[in-house]
Amino acid sequence: MAKLLRRKHPQKDMFICDILDATPKDDIGSMEHPFFSLSKKPDHKIRHYEHNGEYIKIAPSAYGIATIFDKDILIFAMSQLIAKINAGEEPSQTIQFSAYDLLVTTERATSGAQYERLKAAFQRLDGTRIETCIRTGDKEITQGFGLIEHWKIIRETRDGRMEGLEIKLSDWLYNAILSKEVLTISSDYFRLGKPIERRIYEICRKHCGKQKKWSVGLELLKKKTGSSSSLKKFRELVRDAIESDHMPDYQIYFDTEVKDKLIVRPRIAPKPIIEHKITPKLKPQTIETAKKILGRKFDVYGVESEWFEFWELTGCPELKTPDGAFINFCKKKAENV
């Protein structure tokens with residue numbers, strides 16, 4: 001029976017704790033649709049996917065289609081970018097980082113072979129071409145694009161190990177990030193050793209979220225994962241995942257009454273929805289006032305999200321003046337810098 005991969009870095013280096021504390025983020029578009037290959041072998045097949053009026057065409061380069069494990073690089077890059085935006089820094093489509101930080105964060109070994117595998121992953125990400133009508137940030141891009149625009153090694157050791165890396169995200173992905181079309185995922189995602197487990201987790205996170213329950217037919221799930229297995233084989237793969245029961249955040253099982261129907265539930269029961277409470281609405285002038293209070297050290301919309309979370313954690317209290325409460329929250333945040 002498969003298990004979660006062991007933690008390769010149980011004690012993180014202190015000097016990179018800020019990097020590793022960035023919450024893993026995944027873009028909704030590629031969580032919903034099968035952009036990545038589930039094969040661990042070179043995949044050179046052109047793939048076509050259509051669902052509810054949306055389509056994707058994925059074309060490989062000579063290196064093959066980017067795999068679900070190659071996606072770790074994009075998740076790492078997205079997480080760093082969003083963390084910087086939330087800290088009030090100016091966003092950039094080009095991101096620089098250390099190969100070591102990437103390997104440690106994504107629970108990979110730091111041997112020389114892993115650096116070579118990183119290079120191959122960059123080549124697949126750069127070479128894979130996407131054509132889609134899926135919208136990001138209310139914009140529909142119908143032209144082809146790569147998963148990344150370019151990559152380069154900006155620093156390399158004498159023994160050939162990469163130290164400094166740089167990638168430029170595709171316009172499509174960057175637009176999704178700026179539009180906040182991302183979801184937080186479990187850091188244990190990187191410990192899922194089977195490609196199908198990773199895809200099922202992404203789909204559960206996207207569709208179930210914090211609902212009490214979500215269900216999906218086996219054929220539709222197979223389509224969403226992008227699996228090329230027969231339905232019989234796919235059923236076996238899903239059954240293995242159910243028996244292993246190590247999916248982060250979610251528990252999955254077959255419906256006992258309906259054939260080939262899966263039920264997904266969060267492992268921790270979601271908080272009851274308080275229907276009579278209405279999320280506070282802030283006036284445009286309040287946001288402008290908050291920007292002046294926070295200065296350039298904070299992103300006002302990131303602080304707004306923190307305030308909403310704080311409001312929910314305190315039991316969704318009735319607010320006579322939501323704008324005043326938010327301004328006071330901003331003042332306290334600015335004072336604590």
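Modeller: One term comes up at once: a cavity is a set of grid points where a 1.4 Å probe fits but cannot get out. Please keep in mind that this is a predicted model.

Biologist: How much space lies in the largest cavity?
Modeller: The largest cavity holds about 50 Å³ of space, and the structure has three cavities of 30 Å³ or more.

Biologist: Which residues line the largest cavity?
Modeller: The lining is made up of Asp27, Ser30, Phe35, Phe36, Leu74, Phe145, Leu147, Ser170, Trp172 and Leu173, and by type these divide into seven nonpolar, two polar and one charged.

Biologist: And the second largest cavity, what lines that?
Modeller: Around the second largest cavity, which has about 40 Å³ of space, you will find Lys194, Ile196, Glu197, Leu237, Asp240 and Ala241. Two elements, helix H7 (195–207) and helix H9 (231–244), each give two or more residues to this lining, with H9 giving the most, namely three residues.

Biologist: How do the residues of that lining divide by type?
Modeller: In the lining of the second largest cavity there are three nonpolar residues and three charged ones, with no polar residues.

Biologist: Changing topic, how many helices and strands are in the protein chain?
Modeller: The protein chain has twelve helices and 14 strands, and 47% of its 337 residues count as buried.

Biologist: What about its contacts and surface?
Modeller: Among contacts in the protein chain with a separation of 6 or more, 67% come from residues 24 or more positions apart. The accessible surface of the protein chain is about 18200 Å², and 50% of that belongs to carbon and sulfur atoms.

Methods
Residues are numbered from 1 along each chain as its sequence is written. This is a predicted model: local features need pLDDT of at least 70, side-chain atom pairs count only at pLDDT 80 or more; totals for chains, interfaces and linings use all residues. Side-chain values use heavy atoms; hydrogens and water are left out. Helices (H or I, at least four residues) and strands (E, at least two) are DSSP runs, numbered from the N terminus. Buried means under 20% relative accessible area, exposed over 50%, partly exposed in between (1.4 Å probe, protein chains only). Contact means heavy atoms within 4.5 Å. Accessible areas come from the Shrake-Rupley method with a 1.4 Å probe; for residues, only the protein chains shown count as cover. On a 1 Å grid over the protein atoms alone, a cavity is a set of points where a 1.4 Å probe fits but cannot get out, and a pocket is an open set with protein on both sides within 12 Å along at least five of seven lines; lining residues have an atom within 4 Å of a point. Grid points are joined across faces, edges and corners, and a volume is the space filled by probe spheres set on the points. Ala, Val, Leu, Ile, Met, Phe, Trp, Tyr, Cys and Pro count as nonpolar, Asp, Glu, Lys and Arg as charged, and the others, Gly among them, as polar.
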